[in-house]
Amino acid sequence: MEAQTHGRVHSRDQTGPKVEILGGKIERAEEVLTPLALQLLASLHRRFNARRLELLALRAQRQLLLDDGAMPDFLPATAAVRAQDWRVSPVPADLLDRRVEITGPIDRKMIINALNAPVRAFMADFEDSCSPTWENVVRGQVNLADAVRGTISYEDAATGKVYRLAAQTATLIVRPRGWHLPEKHVRINGETVSAALFDFALFLANNHDALKRRGTGPYFYLPKMESHLEARLWNEVFLAAQEALGMARGTIKATVLIETILAAFEMDEILYELREHSAGLNCGRWDYIFSFIKKFRNRADCLLPDRATVTMERHFLKSYVDLLIKTCHRRGAHAMGGMAAQIPIRDDREANAAAMARVRADKLREARAGHDGTWIAHPGLAVIAREPFDEVMPGPNQLHVLRADVNVAASDLLKVPEGEITEAGVRACIRVGVQYLESWLRGNGCVPLYHLMEDAATAEICRAQLWQWLHHGARTSDGRPITVERFDELLTAELDHIHQEVGAARLAHGVFPTAARLFEQMTKAEVFDEFLTLPAYELLS
């Protein structure tokens, strides 16, 4: 294998693949871009990239069917899998109790604070809360390697405070990027590699031995899948990687985020494909709403109301939750709840109390429904999220809650929620979408806005709703249609509002014109862009 880094070629043999590292020099990069990691990446790329591209093409073909009026349903071809009695393999001891998990990006301070938080697990995120600059993804791998070995520390330059890991920490879980995303800074034999394989291969190759020594293992969250065939590909990757590294079969454990409307019809099948590696399913609520909008974007009868009104009590979301819990527990798998995006409001006691009450109510709903755990985005929510599960769930999980009362049909998952589209809702989509995209383009993918922690999933909802409303001439509650001219008027007004909020200094050091232009182009585009992050990624270094 040849490894070409920063314009130099390091030849290891004459027959192996040529790995080109196109990104710039990053401090300590050689510690994670190791020969073993690049060798594993090259092997996985050669074996599985063609199939990955085929599956992405199948997504496009399926979208054409939806555009022609077809609606999703449970697959006749896999009815036997749904009918048969089978269970996933048991999970390791440190995944038995997952009542609260915190998620966040892979910067040093966040990793330390999250692992030290009073939670069961921390999902280190290379995906929706990470802007995938080359520096971010490489430094993220370095940070995780240090965390696995217990050596990670961080000194705050402003305060002089030093952050280190506590004696006991949360279990580490890593979310690689989705199948659809490229890692443009790495090429193998001239082909751009999959970002998913890049994130996975580097973390596994560099850390599996250290994880084993610490009594844990390589655990992953898998995002954005649309079918059990995509889960099958992940399972094949796991088997190949374990064999290549001399790991016992089934060592890797993965929780799949059910965050697309199509995957909701294949929950049994996804668990079945990953059954010896499965650690359960998760209700990725924000991406799920985005997926609902995206998949039915060309249908005027599938317009969603304001984002703020699409709560988990809505029939299509409650049905999805109930089906996920029933499916998981029948198979002996964990059913994880969704994200609480609220963050503490430190300067308004009354508003903070109301926000925390909403968090507690949401987590109590999840615990009573039968979930085995939930997600938070801020350490300040850990106790509030844990208390409802402690009340309802005295044991480590609720696998015994089989939800025999649940009988979800396709029509339940596809029921469009009713409600108003308001001008305030349109404005909020513009204001949040532009600000998130601007921050993402500057290298920050996890952004606190208006007392919520926004990531790519919530920004996608904003962008997708605006596109759908605009292209179907939806009307706001005052009876006025959402036209291009009205969108332009509101965009200008909201940009002025943003500029007043952030101030001159922040405005001078930001990239608001670029973000606003890209957001506008994607909203007005005749053809819907599948992901906000794909065209935006072309602007990242």
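A residue counts as buried when its relative accessible area is under 20%. In this predicted model, both phenylalanine 200 and phenylalanine 220 are buried.

**Aromatic pairs**

Across the whole structure, a search finds 17 aromatic pairs. One of these joins tryptophan 86 and tyrosine 272. Tryptophan 86 lies in the loop between α2 (79-83) and β4 (100-104), and tyrosine 272 lies in helix α7 (residues 267-273), so this pair ties together parts that are 186 residues apart in sequence. Tryptophan 86 is buried at 10% relative accessibility, whereas tyrosine 272, at 23%, is partly exposed.

Phenylalanine 200 and phenylalanine 220 also pair, with planes at 55°, so their arrangement is tilted. Because phenylalanine 200 belongs to helix α5 (residues 195-213) and phenylalanine 220 to strand β11, the contact links parts 20 residues apart in sequence. Both residues belong to one aromatic cluster, formed by Trp179, Phe200, Phe203, Phe220, Trp234 and Phe238.

**Charges over rings**

| Charged residue | Ring | Distance from ring centre |
|---|---|---|
| Lysine 294 | Phenylalanine 531 | 3.7 Å |
| Arginine 331 | Tryptophan 86 | 4.0 Å |

**Positive phi values**

Lysine 224, a residue other than glycine, has a positive phi near 65°. Lysine 224 lies in the loop between β11 (219-222) and α6 (228-244) and is buried, with a relative accessible area of 5%. Histidine 451 has a positive phi of about 70° and is not a glycine either. The loop between β16 (447-449) and β17 (452-454) holds histidine 451, which is partly exposed at 42% relative accessibility.

Notes:
Residues numbered from 1 in each chain as written. Predicted model: local features only at pLDDT ≥ 70, side-chain atom pairs only at ≥ 80, totals over all residues. Heavy atoms only, no water. Helix = DSSP H or I, 4+ residues; strand = E, 2+ residues; numbered from the N terminus. Buried < 20%, exposed > 50% of the residue type's maximum accessible area, 1.4 Å probe, protein only. Phe/Tyr/Trp six-rings, centres within 6.5 Å; stacked < 30°, edge-to-face > 60°. Lys NZ or Arg CZ within 6 Å of the ring centre and 35° of its normal.
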